[in-house]
Amino acid sequence: MELFGYMTNKEARLKLQVLYGCRCLLTNIETDKLHYHHIKKKEHGGRATVANGALLIKEIHQWLHSLEHTDIELYHLVNECLLYYKYCLDIEHSELINQFESECVPEFKKKVFIK
């Protein structure tokens with residue numbers, strides 16, 4: 001079940017910002033310049049919804065989509081991580097949130113500085 005139904009990328013991005021703040025969900029970098037990422041791609045039937053979306057900074061969004069061509073398994077794993085992280089935020093599971101933020105976020109932040 002989709003939380004808010006079908007919407008535009010911009011509408012979904014704004015709703016995600018209300019729910020999770022103006023931050024990249026993989027790096028925790030705060031900014032108002034966030035990209036809407038379809039967890040299930042549009043060409044595979046993924047709609048612009050809160051449930052199917054994640055807020056990412058440009059560099060991480062580009063890196064993630066580059067994985068589609070270089071490491072598809074990692075691409076799918078990162079998307080699964082986004083879904084589980086959002087779920088943990090939604091149910092306020094502080095132990096798993098803290099674990100993700102202390103173990104995974106630093107690794108994703110490293111990707112921002114790799115050119």
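Student: What do you call Tyr85 and Phe100 here, buried or exposed?

Tutor: Both Tyr85 and Phe100 are buried. Buried means under 20% relative accessible area, exposed means over 50%, and partly exposed is in between (1.4 Å probe, protein chains only). Some ground rules: this is a predicted model, so local features need pLDDT of at least 70 and side-chain atom pairs count only at pLDDT 80 or more, while totals for chains, interfaces and linings use all residues. Residues are numbered from 1 along each chain as its sequence is written, and side-chain values use heavy atoms, with hydrogens and water left out.

Student: How many aromatic pairs are there, and why is the one between Trp63 and Phe108 called edge-to-face?

Tutor: Three aromatic pairs turn up. Rings of Phe, Tyr and Trp (its six-membered ring) pair if their centres lie within 6.5 Å; planes under 30 degrees apart are stacked, over 60 edge-to-face, and the rest tilted. The Trp63 and Phe108 centres are 6.0 Å apart with planes at 65°, so this pair is edge-to-face. Trp63 sits in helix α2 and Phe108 in helix α5, so the pair ties together parts 45 residues apart in sequence. Helices (H or I, at least four residues) and strands (E, at least two) are DSSP runs, numbered from the N terminus.

Student: And what makes Tyr85 and Phe100 a stacked pair?

Tutor: Their rings are 4.2 Å centre to centre with 25° between the planes, and that angle is under the 30 degrees for stacking. Tyr85 is in helix α3 and Phe100 in helix α4, 15 residues apart, and the pair links these distant parts of the chain. Ring pairs join Trp63, Tyr85, Phe100 and Phe108 into a cluster.

Student: How do you know that Cys81 is in no disulfide?

Tutor: A disulfide is a pair of cysteine sulfur atoms within 2.5 Å, and the count by this rule is zero. For Cys81, the nearest cysteine sulfur is that of Cys104, and it is 5.6 Å away.

Student: Why are Cys81 and Cys104 called partly exposed?

Tutor: Cys81 has a relative accessible area of 24% and Cys104 is at 25%, so both values fall between the 20% and 50% limits.

Student: What makes Arg23 count as buried?

Tutor: Its relative accessibility is 12%, so Arg23 falls under the 20% limit. Arg23 lies in the loop between α1 and β1 (35–38). Contact means heavy atoms within 4.5 Å, and, leaving out residues up to four places away in sequence, Arg23 touches a list including Leu34, Tyr85 and Glu101.

Student: What makes a nonpolar core, and how many residues has the largest one?

Tutor: A nonpolar core is a set of buried Ala, Val, Leu, Ile, Met, Phe, Trp, Tyr and Cys residues joined through side-chain atoms within 4.5 Å. The largest one has 31 residues, and those with the most contacts inside it are Leu26, Ile60, Leu64 and Leu82. Helix α3 gives the most to this core, with six residues.

Student: Why do β1 and β2 count as paired strands?

Tutor: Two strands pair if DSSP finds at least two bridges between them. β1 and β2 have four, in the antiparallel sense, so they qualify. The bridge partner of His37 in β2 is Ala54.
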